Amino acid sequence: MDLWYTERHTDDVKFSIRVDRQLASYTSEFQRIDIFESKEFGRILTLDGYLMVTQKDEYIYHEMITHVPMATNPDIKNVLVVGGGDGGTVRELCRYKSIENIDMVEIDEMVVKLCKEYIPSISCALDDERVHIYYEDGMRFVRTTEDSKYDLIIVDSTDPFGVGEGLFTKEFYGNCYRSLNDNGILVNQHESTFYDSYANSMKRAHSRIKEFFSTALVYQAHIPTYPSGHWLFGFASKKYDPRTDLHADWWNSLGLKTRYYNTVLHTGCFAIPNNVRDVLRETK
Ligand code: SAM
């Protein structure tokens with residue numbers, strides 16, 4: 001018997017992975033959560049049918065969303081992760097002894113529970129003593145955070161519809177700006193420009209972030225299981241330019257073993273191709 005997981009990337013494009021079995025399926029208050037086992041990609045987490053992470057390529061996303069800001073400011077000590085219930089971003093952050101506190105605000109406790117049970121290779125650091133998990137809407141959470149509390153905010157969200165919608169609004173970015181100190185950095189998963197619907201979300205998010213932050217850039221990575229395989233991250237800061245403020249010697253002295261990120265790629269990933277540059281120019 002042939003079992004396939006299929007995600008619709010556009011009305012005319014589908015992406016499929018053969019799966020061996022479904023390990024879990026649960027409908028929470030917020031979304032449907034599924035975990036599959038596959039030969040090519042290992043375990044796969046989907047939310048409302050959309051692929052979130054696979055064991056085979058998750059390291060690319062999680063290394064890029066974490067090490068780019070960390071190598072830009074070695075003094076990052078207090079971090080907020082918004083979303084990220086699979087635990088991959090927290091796992092990468094926990095590799096830094098210099099980080100003292102990680103608050104993670106995840107709307108759906110069931111994502112965390114199921115990832116702990118079925119994908120420990122990703123969720124393995126969620127019980128680190130520096131990690132504090134709050135189960136609530138990230139948009140509400142940042143409304144009441146203290147001013148200047150965090151050095152880094154990482155928005156590891158779903159796409160801008162359903163429960164994730166609020167994490168792409170002007171109100172949310174404004175509260176992130178307020179919650180960051182003068183050295184603060186905001187990194188977010190920034191969609192992609194190849195397919196129109198994702199490009200439109202990306203443009204909207206980018207122009208909203210630009211309204212608050214003096215530096216608002218995007219950087220790229222090749223993520224095989226995301227729509228088009230080409231994915232963007234937003235890097236916004238009150239002070240730092242990641243291309244010139246890279247602390248390569250410091251980062252390399254840590255001896256962290258990574259499979260995608262390195263300090264040469266750090267600068268290179270901000271060299272965006274013309275097709276992305278042209279879409280960004282269309283933003284206000
Ligand atoms: N790497 C993924 C991607 O870009 O496809 C993101 C994965 S991570 C599992 C996204 C998480 O964000 C989910 O667990 C989801 O429950 C959480 N999330 C969505 N909307 C949220 C909100 N408003 N507040 C907090 N967490 C939210």
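1. Residue classes. Ala, Val, Leu, Ile, Met, Phe, Trp, Tyr, Cys and Pro count as nonpolar, Asp, Glu, Lys and Arg count as charged, and the others, Gly among them, count as polar. By these classes, the lining of the largest cavity holds 17 nonpolar, 10 polar and 7 charged residues. Please note that the model under review is predicted.

2. The cavity. How many cavities of 30 Å³ or more does a search of the whole structure find? The search returns 1. The volume of the largest cavity is about 420 Å³. Its lining comprises 34 residues, and those closest to the centre of the cavity are Leu47, Met52, Asp156, Ser157 and Thr158.

3. The pocket. The largest pocket has a computed volume of about 240 Å³. Which residues lie nearest the centre of the largest pocket? They are His9, Tyr50, Phe161, Ser197 and Tyr198, from a lining of 15 residues. By class, this lining divides into 5 nonpolar, 5 polar and 5 charged residues.

4. Elements around the pocket. At least two lining residues of the largest pocket come from strand S1 (4-10), and at least two come from helix H7 (196-212). The largest share, 6 residues, is supplied by helix H7.

5. The fold as a whole. The secondary structure of the protein chain consists of 10 helices and 12 strands. The chain is as compact as a globular protein of its length, because its radius of gyration, 18 Å, is close to the 19 Å that the globule rule gives for 284 residues. The C-alpha trace spans about 55 × 45 × 35 Å along its principal axes.

6. Contacts and burial. Of the contacts between residues at least 6 apart in sequence, 66% join residues at least 24 apart. What percentage of the 284 residues in the protein chain is buried? The buried residues make up 58%.

7. The protein chain exposes about 12400 Å².

Note on methods
Residues are numbered from 1 along each chain as its sequence is written. This is a predicted model: local features need pLDDT of at least 70, side-chain atom pairs count only at pLDDT 80 or more; totals for chains, interfaces and linings use all residues. Side-chain values use heavy atoms; hydrogens and water are left out. On a 1 Å grid over the protein atoms alone, a cavity is a set of points where a 1.4 Å probe fits but cannot get out, and a pocket is an open set with protein on both sides within 12 Å along at least five of seven lines; lining residues have an atom within 4 Å of a point. Grid points are joined across faces, edges and corners, and a volume is the space filled by probe spheres set on the points. Helices (H or I, at least four residues) and strands (E, at least two) are DSSP runs, numbered from the N terminus. The radius of gyration is taken over C-alpha atoms; the globule rule is 2.2 Å times the number of residues to the power 0.38. Buried means under 20% relative accessible area, exposed over 50%, partly exposed in between (1.4 Å probe, protein chains only). Contact means heavy atoms within 4.5 Å. Accessible areas come from the Shrake-Rupley method with a 1.4 Å probe; for residues, only the protein chains shown count as cover.
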